[in-house]
Amino acid sequence: MYSKSSWGGSVDPFILAKFRKAQAPDDADVFVSIVIFEFKDRDFVGVWPSADAAEKENICTQANIDKKLCNSTQIDEWILSPNATTESKNRLLSTKINLKDPGDTKYLVKKTGYYCVASASNADFKGTVEFRNAYGKLPAAQIAKLPFYAGITIVYAVIGVFWAFLYVQNRHDILPVQNYITAIILFLIVEQLMTWGFYDYQNGHGSNALAKVMMIIVSILNAGRNSFSFFLLLIVCMGYGVVKPSLGKTMVYVRFLALAHFVFGVIYAIGSLSITPDNAGPLVLFVILPLAGTLTAFYVWTLNSLNHTMKDLLERKQHVKAMMYKKLWWCILASIVVIFGFFFLNSFTFAERSDPDFVPDHWKTRWFILDGWLNLVYMVDIAYVAYLWRPTANNRRFAMSDEIAQDDEGFDMGSFGGSLDEEDARSPAGMDRQPSGQLSPVPPKPVNERAGGRASLDGETIFAVGEDADKWSDDESPRNSEERQKLTGKND
């Protein structure tokens, strides 16, 4: 539980114990004894009867009164150490409740801590214990989820605003894969907002019927997010929209796999809510195995598709596109390393779960270990993929065009000069001839018939623009003059 100063609130935090009235003969003494304490003060509950005793004496009985372990005013109550009042960090409450006329027992919480309620009775009884924090009815171990999911929702909304700006700005040049990214960003905003709304409603109204319905909806949305994310990552790794304009029948198979993963994810979510670890049997395998199968199929297919796409681009010397997928590959690798590294570190922490101090020491951060950090990794991955595939002014030109492949040695000027020498060495008749049914894109170049070839281009003018641009050079051949007359319709 948290103190009032930790999270604020309108009420003082308290622990309230209520018991039902028990039916018993008039002369029977039916009671229940309870003790409320903070876990760090557990050593003050009960006393050791001797230095070599194996266990403590916890209830004040007549035998313990005779042993001077407690006094007669504490009969049937939990025994507290004599120094409990002065040395304990929090107040300890020990009381005896008559079940014939039970009253409410209230304990005010002044400090944040892991509080415990222990009971003992001489008869069967039924009762409830309410842990009421100042901020609301949400369990203390989950209150941190409220600002966490609110913050993630805001981050996704900011990503959506920037994406929408680029999308509208380049709306005439959008690729199909960018439409899928737009859809998943909108879906994530709704899903995270719904998750935050579920915890906010539970904080204000408790775990009622509507809260359970909202929990099922959140579970379904979570399954949809996972399926949609794997679907998007797979088609991106296949090169959809950038390398391939269409996936053909493969897209149908990918959609079927995503749909199957969604269905099995919903079944798993409902099963995890309705099946407790105590009554889980072999039937639980029929819930887990199908989901594990589709998840494995996504992993294998995605990695193989990414490797194939990168290999194809490198073979075709499409270095710019290959660099995009190389960055995506590093993003996936970094996510895998972070996930496995986090699990590796957590394994040392959970190795101490048998320690009585494990839960009291980790109850504040357990939600982040189980759920929070995975959402952060997922958010970073989505933001990075959206950045790599963001809408730009040259989307379609980049996607539908191929980079001109060149050798690593670069451009050779000698080859350019050699090609010109070969062209100049051709005969004038060869320059005049064109294939049947084709037109020359440019007028034939005047050729100096007195020179059979040139050893160099030095000192010669290839293009000249001046006042005499409309006149031919003095050494122009008669044949070329005739061609000029035909083209211009003028006589010199």
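Residue S335 lies in helix α9 (residues 319-350), where helices (H or I, at least four residues) and strands (E, at least two) are DSSP runs numbered from the N terminus. The structure is a predicted model, in which local features need pLDDT of at least 70 and side-chain atom pairs count only at pLDDT 80 or more, while totals for chains, interfaces and linings use all residues. Residues are numbered from 1 along each chain as its sequence is written, and side-chain values use heavy atoms, with hydrogens and water left out.

At 9% relative accessibility, S335 counts as buried; here buried means under 20% relative accessible area, exposed over 50%, and partly exposed in between (1.4 Å probe, protein chains only). Leaving aside residues up to four places away in sequence, S335 touches V377 and D381, a contact being heavy atoms within 4.5 Å. With D381 there is also a polar contact, side chain to side chain, at 2.7 Å. Such a contact is a pair of N or O atoms within 3.5 Å; within protein, one must be able to donate a hydrogen and the other to accept it, and residues adjacent in sequence count only if both atoms are side-chain atoms.

Helix α11 covers residues 366-388. Its 23 residues should span 33 Å at 1.5 Å a residue, in agreement with the 34 Å between its end C-alpha atoms; the expected span is 1.5 Å times one less than the number of residues.

Turning to the cysteines, a search of the whole structure finds one disulfide, defined as a pair of cysteine sulfur atoms within 2.5 Å. The partners are C60 and C70, with sulfur atoms 2.1 Å apart, and the link is right-handed, with 90 degrees about the S-S bond. C60 sits in the loop between β2 (31-38) and α2 (62-66), and C70 in the loop between α2 and α3 (84-87), ten residues apart. Both are buried, C60 with a relative accessible area of 0% and C70 with 10%. Two further cysteines also count as buried: C237 at 0% relative accessibility and C331 at 12%.

For the protein chain as a whole, there are 15 helices and six strands, and 35% of the 492 residues count as buried.
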